[in-house]
Amino acid sequence: MSPNTSRRRFDTLLVHEGEYVPTDGVRATATPIFATSTFVHRTAADLDQAFDENGLVYSRYGNPTVSGFEQAVGAIEGGVGAVAFASGMAALHVALLAASTPRGALQPAPCAILAAQDIFGTTQTLLNQFFATQGWSVTYCDMTDPQAVAEQLRRAPAILFFEPISNPLLKLTDLPALVALAREVGARVVVDNTLASPVLLRPIAHGADLVVHSASKYLGGHGDVIGGVVAARSHLLQDTLRRYSKLLGATLGPHEARMLARGLKTLSLRVRQQSTNAHQVAHWLAAQPQVGQVYYPGLPEHPQHELARQLFGGLFGGMVSFDLLPAERSTVFAFMDALRLVLPATTLGDVFSLVSYSARSSHREVSAEERQVQGIGDGLLRLSVGIEDVADIIEDLEQALAVVQ
Ligand SMILES: Cc1ncc(COP(=O)(O)O)c(C=O)c1O
């Protein structure tokens with residue numbers, strides 16, 4: 001595809017990497033949408049060779065528009081490449097299967113997964129109701145505490161899985177420390193980097209093996225596409241991802257790939273503005289009597305504020321969570337209904353601000369007891385701060401708080 005661009009810097013890669021460059025001269029500045037299921041070659045022998053060499057054969061195997069998006073994500077995450085999927089959940093599923101595949105094997109072998117206790121609720125359901133019922137052993141622990149991880153690692157899990165910024169409590173994991181611990185027992189490290197985005201954190205640079213994104217969030221960024229992607233540290237894992245993607249078939253379509261590639265170009269600008277806005281919103285919320293705890297890594301009182309400083313290059317992200325008082329469903333519903341700008345909808349990372357009631361959305365399938373253990377109370381709201389004028393966002397929150405007072 002593109003000429004050698006490996007020395008380009010992050011913001012340049014976001015804008016240019018993966019754009020389609022045909023070999024015959026004139027080209028469009030934007031990658032065309034190759035809306036095709038299959039590809040015709042000049043001769044039967046050429047088609048036969050394409051099968052052998054992972055060339056263009058059939059769009060479930062590979063498609064130039066999708067490949068461009070994959071190439072861009074592979075480059076910005078610092079991996080050898082990436083494989084795109086129809087959703088973040090499909091990406092997680094295949095990433096965990098690939099990480100469960102012993103070196104040299106062609107299929108996954110059930111193994112032990114050590115997962116962070118506060119991962120996305122649906123991922124927990126995937127681990128509990130799919131992997132754990134098919135022979136994998138799944139254990140959870142508090143990964144904000146490297147000591148607790150070190151103890152669990154004595155059981156020598158094959159996979160360590162976590163989100164560097166947890167959802168919705170925005171706890172951080174010390175990624176370099178956990179990677180070092182995993183290396184000692186030969187565990188593969190799989191990271192869901194959706195909330196951080198590659199602008200804040202590039203886990204492969206710290207030694208992670210596979211980096212998963214729900215591309216439906218920050219990568220796309222405009223609330224108009226569902227997709228997922230996994231970047232790989234090694235060719236072995238990249239090849240395994242591709243093989244399973246072809247076989248299981250939850251591949252990304254070319255239209256979605258084009259929208260995601262377009263989203264990537266402004267990722268850095270968006271995340272920087274979202275971080276700036278979120279910082280101001282968090283400070284404002286912390287001063288409101290109707291608000292209990294505010295969870296934001298940029299606040300000095302956040303228990304991992306220093307770690308966030310070290311890991312995220314001076315940014316703290318666009319997500320802010322807070323406990324609305326009194327902590328009860330009726331107050332939360334009234335607050336959400338009173339909002340006029342901030343959208344009460346279940347997603348995050350978009351250009352527009354969103355609010356989500358964790359107990360009834362991301363953690364809907366998690367039992368009330370388990371939610372309490374995790375600290376996700378009945379008043380917890382998660383804001384995904386957008387790029388609107390921050391004064392308008394705060395004004396909207398203020399009028400909604402006044403309504404429920
Ligand atoms: C952290 C995280 N991982 C994975 C997913 C799943 O992604 P998708 O909805 O694209 O399947 C989500 C979705 O909300 C998420 O928030």
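Good morning. Let me begin with helix α7, residues 175-185, which lies across strands β4 and β5 and runs at about 165 degrees to β4. Please keep in mind throughout that this is a predicted model.

Helix α5, residues 121-131, lies across β2 (112-116), β3 and β4 (159-162), and its direction is at about 145 degrees to β3.

I turn now to the sheet. Strands of a sheet pair through backbone hydrogen bonds, either parallel or antiparallel. Here we have an open sheet of seven strands with mixed pairing, in the order β1-β7-β6-β5-β4-β2-β3. Its edge strands are β1, residues 81-85, and β3, residues 137-141, and each of them pairs on one side only. On average, neighbouring strands of this sheet are turned by 20 degrees against each other, direction ignored.

As one example of pairing, consider β5 (residues 188-192) and β6 (residues 210-214), which pair in the parallel sense over three bridges. Within β6, L210 is the bridge partner of V190.

Finally, I come to a pair of helices. The axes of α11, residues 267-286, and α15, residues 390-404, come within 10 Å and cross at roughly 30 degrees. Angles under 35 degrees count as roughly parallel, so α11 is roughly parallel to α15. The crossing of α11 past α15 is right-handed. Which residues make the contact? From α11 they are N277, Q280, V281 and W284, and from α15 they are V390, I393, I394, L397, E398 and L401. By class, this contact of α11 with α15 has seven nonpolar, two polar and one charged residues.

Thank you for your attention.

Key. Residues are numbered from 1 along each chain as its sequence is written. This is a predicted model: local features need pLDDT of at least 70, side-chain atom pairs count only at pLDDT 80 or more; totals for chains, interfaces and linings use all residues. Side-chain values use heavy atoms; hydrogens and water are left out. Axes are lines fitted to C-alpha atoms, for helices over the stretch in contact, and angles run from 0 to 180 degrees between N-to-C directions. Helices (H or I, at least four residues) and strands (E, at least two) are DSSP runs, numbered from the N terminus. Angles under 35 degrees count as roughly parallel, over 145 as roughly antiparallel, 65 to 115 as roughly perpendicular and the rest as oblique. A crossing is left-handed if the near helix is turned anticlockwise from the far one by less than a right angle, and right-handed if clockwise. Contact means heavy atoms within 4.5 Å. Ala, Val, Leu, Ile, Met, Phe, Trp, Tyr, Cys and Pro count as nonpolar, Asp, Glu, Lys and Arg as charged, and the others, Gly among them, as polar. Two strands pair if DSSP finds at least two bridges between them.
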